[in-house]
Every structure is written in structure tokens, then in C-alpha cells.
Amino acid sequence: MDKSKNKLDVFHEKLDKENLGPLWASIHDLNTIEPKAKPIPYLWKKKLIERNLEEAEELLEVGDGADRRAVFLINPGMKDYKPYGYGGATHTLYAAVQAVKPGEIAPSHRHTTTALRFIMKGEGASGRVNGEKIPFEPGDYLITPTWTWHDHTNNGDETVLWMDCLDTPFTLFMNVCFTEFYPEKQQKLYFPDDYSSKRYQGGMIRPISDRKPSIAPLGRYKWDQTEKGLTGLREFDPDPVDGYAIEYINPSTGKDANNRIGARMQLLPPNFEGKAHRHVHSNVYHVFKGEGYTIMNGKKFEWSEGDFFVVPPWTWHEHVNLSSKDDALLFSTNDLPIMEAFDFEREEEYKKNNGHQMITEVFQPIY
């Protein structure tokens, strides 16, 4: 016996070899005082993502050897969790930027994982979701909830880029992920083009047939309606934390539009300096317009149009719009529906320094 080890240490080693564990030595790791998130605050620059997508465009064709051309975000804190969705942007959310060139068709499939899209730039693309053809325009938010057929094509003359977000890390960790491929490259159409959007042109009114809950009565949330919603809020004072923020909902249930992933559009007016808070749910942000910065746990993350950044669970964060004349628009996705389903969600306001963190470090991104 190694004389430097006491009998308890030797006992612990024996338990480990027998695939057992001592609770007395592990209880504070298993029952933490507060959440200890594995994902870390992080930011990806637009130039970095688009440069790699352009390289991918030269190397592969969508529909001819590649189902999708997308570069996804890997949180450095999650790299050890690659078996579960390659780590993901957070522990529950996968996020990527997808590019479809003119003439390409991303083949039809469906999966247990729920998915959404936010159109970043480019005209002429469209998608088919459960037999409905839906146009894609910048600023649109589109959903493909769990087990819905979906494919994408680009009939325009420019490459179209959009953000994908799925709960892949969550479904893989839970071992509930199934995928099925459609027998043809594109699914058959059973409804008029943009059918669901046309049924909801009146905004917050619904066809009486949608009084009964359904998983996706509205597949496309148009930018012009989102913009009107934000404009209406501007008649009032901004929220001290979030500025002006709206969330996308399912009109037949009043819950989140996508069953397991929440999504929001946030407007920070000129010179806005938000107060800090933290919550259990995690967020993936895309900067749709403007420039500013977000302080996370004292670290400053400077962002501009096209960038992405992550707010992990239980992370102090506050947003600032650097412009004195232009709005900043932040689209974000979250795992709040999952947290609320298990009654895990909790939120806390930052009480020190009138709600503002001291900046102790500035993040240096990869370009």
C-alpha cells in the first residue's frame, strides 16, 4: 500500500474500480449552491463565419453530396461534450449559419429535434414545411417544429444566408433523436404558397379553426409585422433591462412559436444602457442591425451587425447600444420553454452599482 494515501483514499479508489462512487466526497459537486454552466460567454464575428462559408461554397454543392451547407457554433466550454451535438452553442442549443446558392435544393427531411430559421440576408430563397411553400425574406422568422418535413431552395440570383437554431444537444443527450428522409428531394405541396401567413394577415387575430391547438398554425413570422410590433412599443418607455423586446408565439396556444425553443426580437434605442440580470435559461444572440456591446460576468463583448454571441445560464449580462442615432436589433433564441416545462427557471436582478457591472476584461474574438 502507498503510505502517502490514507485508508479512505484507498477505499475511494476501490469504489471507482467497481463503478461505484462515494456520495460523501461528491455531494457538493452533485448539489451545487447555484448553477455552474459548462458553456462560457463567447462571441463569433460575422467575417469569420462568412469567410468559412465562402470556402465551403467552393468545396461542396448542396443537394449533391451535402444535405446542408452550414457552419455551426461550438462553445469552447462545451468541446468535451462533442458526442452530444458537438458541444453546441450552449448545453441545449445548436446554432449555425446556413448558405444556399442560386439553384441549390437542400433535401427534405424531418427529425425529433425542433428547428427554426432567421433570415439574415439575400432574396429568392424559400422553404417547404409540411406541404406549404414559404418565401424567405431578410428579417423573417420561420419554424419547423419537431417531426415536420422541411426542405429549402434558392430560385434567386444571390446566395441567401440564415441562422439555424435547433435543440440538438438536448435531444441527443436525452437519446430521443430520430430522423427520416423524404423519398424525393422536395416534398409535395398540399397548400397554396405562403398559406399560413396569408391566414394571419390581420396580426393578433386567428381563424376560428385554430382555436384548437396545433403545432405550427403559422410557419412564417414576417419582418414587417415584427417591425410594427416594435414600433408600437416605442410609444412607451423601454424596459430597463431589455429595451423593447417581443417574442414569437403560436397563435393557437399562446405559447412559444416553436415548441421547445423560444425566440425574441429586441430593439435597443440609441444610447441605451441596459441594466444587468441573470437567469437559468441560455440565449444565442444574432446581431441583426447596429453595434454595441454586452457585458457578461464583467467581461465586455463588442458586437456589430452579423455577429453572434452566447449568454450561458446564470450569467450576469447587460446590453449597450453604442450609437447615438441608430437602433440596435438583436434576434435571440433560448431554451426557456424547456426550463419552464420542468419548473427550473429563475431570474435575478443585479443590485450593485445601480444595476451595472464593472468591466474587468475585454473579449478578443477570432477574425
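**Exercise 1. The second largest pocket**

Task: In this predicted model, determine how many residues line the second largest pocket and which of them lie nearest its centre.

Solution.
Step 1. The lining of the second largest pocket consists of 22 residues.
Step 2. Nearest its centre lie Tyr94, His109, His111, Leu166 and Thr168.
Step 3. At least two lining residues come from each of β4 (70-72), β5 (94-100), β6 (105-111), β7 (115-121), β11 (150-154), β12 (160-166), α4 and β13 (179-181).
Step 4. Sorted by class, the lining has nine nonpolar, nine polar and four charged residues.
Step 5. The space in this pocket is about 560 Å³.

**Exercise 2. The largest pocket**

Task: State which elements give two or more residues to the lining of the largest pocket, and which element supplies the largest share.

Solution.
Step 1. The largest pocket holds about 1,000 Å³ of space, and 28 residues line it.
Step 2. Two or more of these residues are given by each of α2 (23-30), α4 (168-173) and α7 (336-341).
Step 3. The largest share belongs to α4, with three residues.
Step 4. Pro35, Lys36, Ala37, His91 and Pro313 are the lining residues nearest the centre of the largest pocket.
Step 5. Its lining divides by class into 19 nonpolar, four polar and five charged residues.

**Exercise 3. The cavity**

Task: Find how many cavities of 30 Å³ or more the whole structure has, and which residues line the largest cavity.

Solution.
Step 1. The search returns one cavity of 30 Å³ or more.
Step 2. The largest cavity contains about 60 Å³ of space.
Step 3. Its lining is made of Arg117, Gly127, Arg128, Val129, Ile134, Phe136, Leu142, Ile143, Thr144, His152 and Gly219.
Step 4. Both β8 (125-129) and β10 (141-144) supply at least two of the lining residues.
Step 5. The class counts for this lining are five nonpolar, four polar and two charged.

**Exercise 4. Strand β8**

Task: Decide whether the residues of β8 are buried or exposed, and identify which residues stand opposite Gly127 in β11 and β9.

Solution.
Step 1. Five of the five residues of β8 are buried.
Step 2. Ala125, Gly127 and Val129 point one way from the strand, while Ser126 and Arg128 point the other way.
Step 3. β8 pairs antiparallel with β11 over five bridges, and with β9 (residues 132-135), also antiparallel, over four.
Step 4. The bridge partner of Gly127 in β11 is His152, and in β9 Ile134 stands opposite Gly127.
Step 5. Gly127, His152 and Ile134 are among the residues that line the largest cavity.
Step 6. In the hairpin of β8 and β9, two residues lie between the strands, and Asn130 has a positive phi near 45°.

Notes:
Residues are numbered from 1 along each chain as its sequence is written. This is a predicted model: local features need pLDDT of at least 70, side-chain atom pairs count only at pLDDT 80 or more; totals for chains, interfaces and linings use all residues. Side-chain values use heavy atoms; hydrogens and water are left out. On a 1 Å grid over the protein atoms alone, a cavity is a set of points where a 1.4 Å probe fits but cannot get out, and a pocket is an open set with protein on both sides within 12 Å along at least five of seven lines; lining residues have an atom within 4 Å of a point. Grid points are joined across faces, edges and corners, and a volume is the space filled by probe spheres set on the points. Ala, Val, Leu, Ile, Met, Phe, Trp, Tyr, Cys and Pro count as nonpolar, Asp, Glu, Lys and Arg as charged, and the others, Gly among them, as polar. Buried means under 20% relative accessible area, exposed over 50%, partly exposed in between (1.4 Å probe, protein chains only). Two strands pair if DSSP finds at least two bridges between them.
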